[in-house]
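I opened my notebook to look up how this model is put together. Here is what I jotted down, step by step.

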Amino acid sequence: MEKDNVCINCSNQIDKVAKILKLGEAELDILTIPKRILTFSFPVKLDSGEIRYFTGYRVQFNDARGPTKGGIRFHPEVNLEEIKTLAFLMTLKCAVVNLPYGGAKGGVMIEPKRFSANELERISRGYIREINNFIGPDVDIPAPDVNTDSKIMAWMLDEYEKLKGRHIPAAITGKPIALSGSKGREYSTSMGGAYVLNEMADSFGMNPKKTSVAVQGFGNVGMNIARILHEWGYKVIAVSDSHGGIFNQKGFGIKDVIGHKNKTGRLSKFKGAKEISNEELLELKADVLVPAALEDQITKKNAGKIKAKLILEMANRPITPEADEILLKKNIKVIPDILANAGGVVVSYFEWVQNSQNYYWSESLVLERLKIYMAHAVKELSRTCTDFKCDMRESLYVDAIKKVLEAERLRGNLR
Ligand code: NAD
């Protein structure tokens, strides 16, 4: 029988796991059909006085383990299928790191660079007005994602609180610290990934001091993970942004690179560095490759040329499924996104807990607790890999799907 709203990508992604766990039709429906899909169009007055309509989405994929959680992105290529897939991945990610959350994602189809700050504020407020009756601390909790930041979260929270007539800081995470945000949230995604890499270093026979790293993307995630790994003694030999990359076999002092980028707006012309393209960066002979930019960067076209021993997926879905197969055959290990970049949602959870208790933690306590969550997830992954004899991605899917289905079963939604 044909079914509405099935997430095609999700079906493809769980094919193998469905066989391993012998999933039946009801289970597959839970894992491929989102619980709630909101698609809407909303008007915003531009600075010129013209009124423009914007398309927005919010998908709440599964809430069996708790309120749904996931970011809101502003991007011209936002579309419903992508938002469904990312909401599915959030469901798995929250289960992998044992958060009491389900998964969601939202987005607005816009090129944010084309709008003024005042227009972006009105777009953010307009988006929240559309979804305000479907979100809340116990229902669905948005956060930042691509092209949205703490400033946008502040506008969204303010609009939500105005509509509800009271303070509800736990309704949105990723807020500025002055507006009930959490210390450490800004670089938590990168810190979580760095903890995972360190936890696994031994099992890959890696000594940080002798390990070279190439990082693609120099935004929030890429810049912070380059900085943290450099501080921990790793040799960061290449970094890049959308304009291109820089390389130095001896490694960079990342603080100087950040200073140069802040001053000139570019990575190029950094003293002592060779300029390389983004394609060249991905194909460098580095021990660890860290894609931290966008989706679909390693595809069947370039997977065969990758020389890194290990890939730490800090971006969401940077490797296509076809490329994944090629890397597996080449015995290149991949630490998948739903574990590698889960540090951000872990500290978002800490922010929600602090907001709910009205009691705020020190930065060192946030980091200490983040490390515990990430280390625990690594241990669970190693156990699942052994028990099911699967690669890391399959094992994380197996573990997360089992947790989601168990919650559904306990609720009486599955036999
Ligand atoms: P960002 O917008 O701050 O930075 C993105 C960076 O990628 C920029 O430096 C940009 O110049 C660069 N870039 C764009 N296209 C590129 C290309 N073709 N080659 C090389 N660099 C390119 O975004 P971010 O918050 O750092 O997020 C990066 C990735 O991490 C995204 O996939 C996002 O979904 C994922 N992620 C982010 C968080 C978070 O907390 N920020 C959490 C989980 C996952």
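**Domains.** I began with the division of the protein: domain 1 covers 37–170 and domain 2 covers 188–335. These bounds come from an automatic or database domain assignment. I then looked up the spacing, and the C-alpha centres of domain 1 and domain 2 lie 29 Å apart.

**Ground rules.** I noted that this is a predicted model, where local features need pLDDT of at least 70, side-chain atom pairs count only at pLDDT 80 or more, and totals for chains, interfaces and linings use all residues. Residues are numbered from 1 along each chain as its sequence is written, and side-chain values use heavy atoms, with hydrogens and water left out.

Next I found an open sheet of five strands in the order 1-2-4-3-5, with mixed pairing. Two strands pair if DSSP finds at least two bridges between them; strands (E, at least two residues) and helices (H or I, at least four) are DSSP runs, numbered from the N terminus. Strand 1 (36–45) and strand 5 (140–144) stand at the edges with a single partner strand each, so one side of each has no neighbour in the sheet. Strand 1 pairs with strand 2 (residues 51–62) in the antiparallel sense over 10 bridges. I picked out one partner: V44 is bridged to R52 in strand 2. Helix 3 (residues 80–96) packs on this sheet and touches strand 1, strand 2, strand 3 (68–74) and strand 4 (102–108). Contact here means heavy atoms within 4.5 Å.

Which sense do strand 6 (residues 212–216) and strand 7 (residues 235–241) pair in? They pair in the parallel sense, over five bridges. In strand 7, V236 is the bridge partner of V213.

**A helix pair.** Last, I looked at helix 6 (residues 188–201) and helix 12 (residues 343–357), whose axes come within 6 Å and cross at roughly 120 degrees. Axes are lines fitted to C-alpha atoms, for helices over the stretch in contact, and angles run from 0 to 180 degrees between N-to-C directions. Helix 6 and helix 12 are therefore oblique to each other (under 35 degrees is roughly parallel, over 145 roughly antiparallel, 65 to 115 roughly perpendicular and the rest oblique). The contact is made by S188, T189 and G192 of helix 6 with G343, G344 and V347 of helix 12.
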